[in-house]
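This report looks at charged pairs and at a nonpolar surface patch in one protein model. The sequence and structure come next, followed by the details.

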Amino acid sequence: FSELELRLFPGPRASLASPALCGTYPTSASFTPWSYPFQAPLSLESSAGEFTVGSGPGGTPCPRGEPFAPALSAGSEDRQAGAFSEFTLGLERPDGNQPLSAISLKLPAGAAAMLSHVTPCPEPQASLGSCGPESQIGQASASAGVGPDPYTEQGAVFITGPYQGAPFGLSIVTPAVAGPFDLGDVVVRSKIEVDPHTAQVTISSPVPTFIQGVGRSSTGIPLQLQRLQVDVDRPDFEYNPTSCEPKHVEATLDGAGNGVEQVSIPFQVAGCQGLPFKPGVSAVTRGKTSKADGASLGLTFKSRVGEAHVARTVLTIPSTLPARLTTIQKACVAATFEANPAACGEGSDIGTAVVHTPVLKNPLSGPIYLVSHGNAAWPDAELVLQGEGVTVILDGQTAIKKGVTTSSFLSVPDAPFESVEATLPEGPHSALTTNLPLKDHYSLCGQHLAIPTALTGQNGTAITASVKVSVQGCAAVRGMKARRLTRRQKLARALKACRKPRRRSPARRAACERGARRQSRAR
């Protein structure tokens with residue numbers, strides 16, 4: 001043939017898209033003859049093949065640089081505080097904008113999910129996109145292409161086990177099927193991280209810009225993602241905060257052309273005042289103490305699902321159980337603790353804590369450290385709780401005045417718990433001692449100990465109580481039994497007294513014994 005003309009139709013269903021920026025673009029061609037390899041291919045590139053882009057999408061003016069202005073929406077469908085609710089994320093990228101390459105989404109404090117209600121998808125199923133329904137938590141919808149009618153496919157969202165150093169992850173699986181063309185499934189992996197101080201969840205994920213094609217020279221098919229929607233709709237999974245303070249869903253969106261967009265979406269729940277707040281507190285110590293090993297103290301906090309979560313806790317330890325100054329002097333330096341708590345010295349490890357939460361299948365547990373923070377007068381008690389790859393650090397501020405120790409946890413994460421158990425044991429590094437005199441053998445038995453406690457819920461409800469400290473390890477006799485034994489003992493003593501004077505005649509001794517028995521019966 002002497003001439004070949006190939007014309008590809010324009011319009012919304014065109015097979016090609018023009019460049020994103022205005023300018024002049026050359027075309028090139030390579031022709032390989034049948035006589036190859038005896039004759040080399042011919043490459044052509046000339047000004048005759050140039051074409052010009054002179055406007056933006058839809059006839060708009062030429063943009064200055066490649067724009068990047070995606071729109072993001074996110075939030076709970078039900079805004080009732082503490083309620084289970086579907087969570088929806090929506091993303092839109094206008095035509096002519098840089099392709100989206102990554103997204104990082106930070107949920108508001110108190111918004112999380114009941115991970116204990118699902119079975120995380122293991123590897124390699126998570127990477128292959130073959131997770132089962134026991135791991136599915138929602139749906140995904142992706143629209144790709146240019147123009148007003150992009151191609152849309154429906155997919156699924158699965159929770160996974162640890163991924164890229166994070167305790168949990170996501171596997172978002174979307175089939176790439178368009179008419180007779182089946183390119184398999186597009187699997188997007190995300191990691192789920194938990195802030196150790198606020199328990200806030202951050203989800204980070206790359207966004208594919210190409211679907212890998214077939215053939216050695218193929219680089220893939222550009223996706224040109226326009227819209228993405230993710231609905232986490234598994235029943236009794238995603239739950240709302242119990243604090244009605246205004247919050248935000250924060251996101252960082254990255255473009256393939258180095259564009260970055262920071263997005264902050266207002267988020268606020270309602271109905272916090274209607275949530276009950278009735279946590280329970282108990283305390284226990286051992287009666288036997290010593291100067292060498294100090295004193296012990298165990299504290300237990302209990303709460304119920306459906307109530308407002310605890311926001312602040314203030315405990316006042318009685319002066320009978322003062323802080324042990326020799327232990328305070330062994331507090332861990334803040335820089336060491338922040339770098340690695342396990343590097344703190346043995347003397348700063350003063351106890352253990354266990355938190356049972358319905359969010360995870362297993363409890364969080366770990367040591368309690370005394371940590372010295374710069375200019376602070378007294379070291380803080382830091383609870384380092386770990387479990388299922390999650391680490392949460394609770395900061396307890398300490399104040400000591402006239403021998404009375406006050407421990408305040410003023411920023412407890414808005415998260416549910418069934419119980420929190422903190423144990424400060426006896427030992428050479430005990431946190432507490434006793435100021436009882438030596439003549440009492442340092443025994444707390446018979447002492448009336450109480451811990452004034454102030455608790456504040458995430459909904460603002462405040463309660464105060466004086467928690468009685470139960471003293472264990474003391475000999476105790478039940479009241480009724482003690483009264484019976486006392487009468488018998490008195491009778492025995494009276495009879496013994498009747499027989500004591502050896503010169504007393506048998507008649508007088510018998511009369512004395514009869515009188516003692518009558519008196520005992522009269523009692």
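With which residue does glutamate 5 form a salt bridge? In this predicted model, the partner of glutamate 5 is arginine 7, and the closest N and O atoms of the pair are 3.2 Å apart. Both glutamate 5 and arginine 7 are exposed.

The count of salt bridges comes to 3, and they are set out below.

| Salt bridge | Closest N and O atoms |
|---|---|
| glutamate 5 with arginine 7 | 3.2 Å |
| glutamate 123 with arginine 189 | 3.0 Å |
| arginine 304 with glutamate 307 | 2.9 Å |

In the salt bridge between glutamate 123 and arginine 189, glutamate 123 lies in the loop between strand S8 (112–113) and helix H1 (125–128), whereas arginine 189 belongs to strand S12 (residues 181–194), so the pair ties together parts that are 66 residues apart in sequence. Glutamate 123 is partly exposed, with a relative accessible area of 41%, while arginine 189 is buried because its relative accessible area is 8%, and buried means under 20%.

In the pair formed by arginine 304 and glutamate 307, glutamate 307 counts as buried, at 6% relative accessibility.

Turning to the nonpolar surface, Leu6, Leu8 and Leu16 form a patch with about 360 Å² of accessible area together. Leucine 8, one of these residues, is found in the segment before strand S1 (23–25), and its relative accessible area of 47% makes it partly exposed.

How values were computed: Residues are numbered from 1 along each chain as its sequence is written. This is a predicted model: local features need pLDDT of at least 70, side-chain atom pairs count only at pLDDT 80 or more; totals for chains, interfaces and linings use all residues. Side-chain values use heavy atoms; hydrogens and water are left out. Patches are made of residues with over 30% relative accessible area and no salt bridge: like charges are joined within 9 Å, nonpolar side chains (Val, Leu, Ile, Met, Phe, Trp, Tyr) within 5 Å. Accessible areas come from the Shrake-Rupley method with a 1.4 Å probe; for residues, only the protein chains shown count as cover. A salt bridge is a side-chain nitrogen of Lys or Arg within 4 Å of a carboxyl oxygen of Asp or Glu. Helices (H or I, at least four residues) and strands (E, at least two) are DSSP runs, numbered from the N terminus. Buried means under 20% relative accessible area, exposed over 50%, partly exposed in between (1.4 Å probe, protein chains only).
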